[in-house]
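Visitor: I'd like to learn how to read a protein model. Could you walk me through one?

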Amino acid sequence: MFYKTSQEHEELRAEIREWVEREIKPIAFMLDKNNEFPREQIKDFGKRGFLGLPYPVEYGGMGKDILSYAIGVEELSRVDGGTGVILSAHVSLGTFPIFAFGNEEQKKKYLVPLAKGEKLGAFGLTEPNAGSDAGGTETTAELVGDHYILNGEKIFITNGGEAETYVVFAVTTPGIGTKGISAFIVEKGWDGFTFGDHYDKLGIRSSATAQLLFNNVKVPKENLLGKEGQGFKIAMATLDGGRIGIAAQALGIAQGAYEAAVEYAKDREQFNAPIAALQAIQFKIAEMATKIRAARFLVYSAAELKEHHEPYGMEAAMAKKYASDICLEVVNDALQIFGGNGYLKGMEVERAYRDAKICTIYEGTNEIQNVVISSYILGKAAKTAGVPIRGKKKSAVTGPRKKMILNEGSAEDRVNQLVECLKVDGHDFTVGIDINTPIIEAERVVSAGKGIGSKENMKLVTDLAGAAGAALGSSRPVAEQLMYVPLNRYVGMSGQKFTGNLYIACGISGAVQHLKGIKDAATIVAINTNANAPIFKNADYGIVGDLNEILPLLTKALDDGNPKKPAPPMVKMKRAVVEEPNPAPVGRYVCLGCGYEYIPENGDEDAEIAPGTKYSELPEEWICPECGEEKANFIPSSKEV
Ligand code: CAA
């Protein structure tokens, strides 16, 4: 049982504290404000050996124990939570799987530079459909000759874009669930491996978080980590250790906020005395200190268990959950002690307050920690009938779509085919709306993504909007970072929702946040150079091609030379009914309101309707998941058996 750290641990703490106070503290405010990664400082931290804290000296590491590593993350986070997670994601997630599961060659090639701090590591597990349910991975890796061909996307990846080495999880054998997932070492710079935008986060803004995009990336066979099919276990075992890192991060954030609050309480005078003389403040501080001490014991003892190769998965989950829960309470109390001053931007407690929240979310939400902890105590809960079967293809973020890629003939042929399809679907291009119509009222929107390139190219998009009789929209970065359009024109989960009839996405790759904002569009058209961009899986029609070529052709094809007549009030069109492949569908019902089809094999996950539930067995209060129409307003699309 752990009671006290050694002198060596405390010397290391002092050394890291001195470094972070000198190198990060003076710029922490600026890093947070600018969403900026401390590149030079992390290089320096690496040169001092700290990026390899718990790895053996023979592999370039510092040869310290896991507790030393936890202290390292704690100390960085005490000053800046963002810097703390850079170390945690590098050591626990990007490097550990190579250390624990890599062969000797992989260790020499990848572990050594990571442990020496010459390279930064990251871990690619999370996907749009695989968050808490990590086994829902959809990225694929297909063995072709001497290489695996990697396709898919990862989201919310810490150190994404900054790291040089990535451990990426992908399905090598589809349809068999977690046993079909494998782990790969992937290098930044390989053809087809690109990054989405650096997310604009509430907190930990000095850390980089990005989307990873894999488009036919050739991964040499020798970069398979462990064996095919071992990927899920590698991910889970890695996360067990990672949770000690996040627990240490939460502990450090709490410690920093607590210290600041104690200082402030001694200094701030009210009622003719420092507020520290008030019992209300004294009790708060007593409670904060007690919680931090309890969290520290949990974190350090999980680290000690791991160090001594004892089982530690449950203890790491407990430490992560408890430390992050109390961290939120401590930063809240610290800000309360600071009063109005703490509410100001630039105050350390204000940053700590924002940094704290992520600790209850990432590396397994605290709810998932409870799943892990209780499974150690009670055994694994049986998978219930309501839980969808793994390996079953999930529908796209925008719901069932035609996904018709027009790839026959010349660019002009493909554009003409698209226009023909849209006309057949009922879109009337003799009428139009004003280009400045608010997105939420617009029947049609033509939107620009970052693929549009320079600002002059926006003319291609506005011309197309004119010819399509549509309003102008954009993805978030085009409005927020590039400022090509006003902020109120970006479409997405956090921006404006488009619920009209036709959405034409030009150069938009299709981040989940954007797709959620267009999921209710009747028809989605995607135009993009990257055939593997997620937007194509979420569109009814797609053209793979250069915007500079396709957009003028489409503008010409939609423009009949006459000015658009004012569009009549919008009548919401039915979304295309997607034809399912064989076997012939049975027992399906279609919603008269929106065309949504109830498929018994799928059930309705959101309404907790188990797969296999017949339409006739649906509760009477069940409503259409797409438009809210009552069950009575569904008609059979095939015979129920
Ligand atoms: N170690 C080794 N193997 C493990 C394991 C562990 N800790 N946990 C489970 N496994 C094995 C199981 O034994 C099982 O193997 P068998 O089939 O041979 O028995 C297999 O993995 C599947 O296990 P489960 O059926 O229990 O898996 P599940 O699909 O029900 O999921 C879960 C369990 C705990 C919910 C898991 O999905 C999970 O941990 N989810 C959270 C994911 C997560 O933490 N994501 C964080 C992303 S990284 C991040 O956030 C980093 C950052 O930004 C800084």
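Guide: Let's go through a sheet, its helices and a few single residues.
Guide: This is a predicted model, where local features need pLDDT of at least 70, side-chain atom pairs count only at pLDDT 80 or more, and totals for chains, interfaces and linings use all residues. Residues are numbered from 1 along each chain as its sequence is written, and side-chain values use heavy atoms, with hydrogens and water left out.

Visitor: How do I read a sheet?
Guide: Strands of a sheet pair through backbone hydrogen bonds, either parallel or antiparallel. Helices (H or I, at least four residues) and strands (E, at least two) are DSSP runs, numbered from the N terminus; two strands pair if DSSP finds at least two bridges between them. Here, six strands form an open sheet with parallel pairing, in the order E11-E17-E16-E15-E13-E14.

Visitor: Why is one side of E11 and E14 left without a neighbour in the sheet?
Guide: E11 (404-405) and E14 (471-474) stand at the edges with a single partner strand each, so one side of each has no neighbour there. E14 is joined to E13 (residues 444-448) by four bridges, and Leu-472 in E14 is the bridge partner of Val-446.

Visitor: Is Arg-296 buried or exposed?
Guide: Buried means under 20% relative accessible area, exposed over 50%, partly exposed in between (1.4 Å probe, protein chains only). Arg-296, in helix H8 (residues 279-307), counts as buried because its relative accessibility is 18%.

Visitor: And His-309?
Guide: His-309 sits in the loop between H8 and helix H9 (313-338) and is exposed, with a relative accessible area of 74%.
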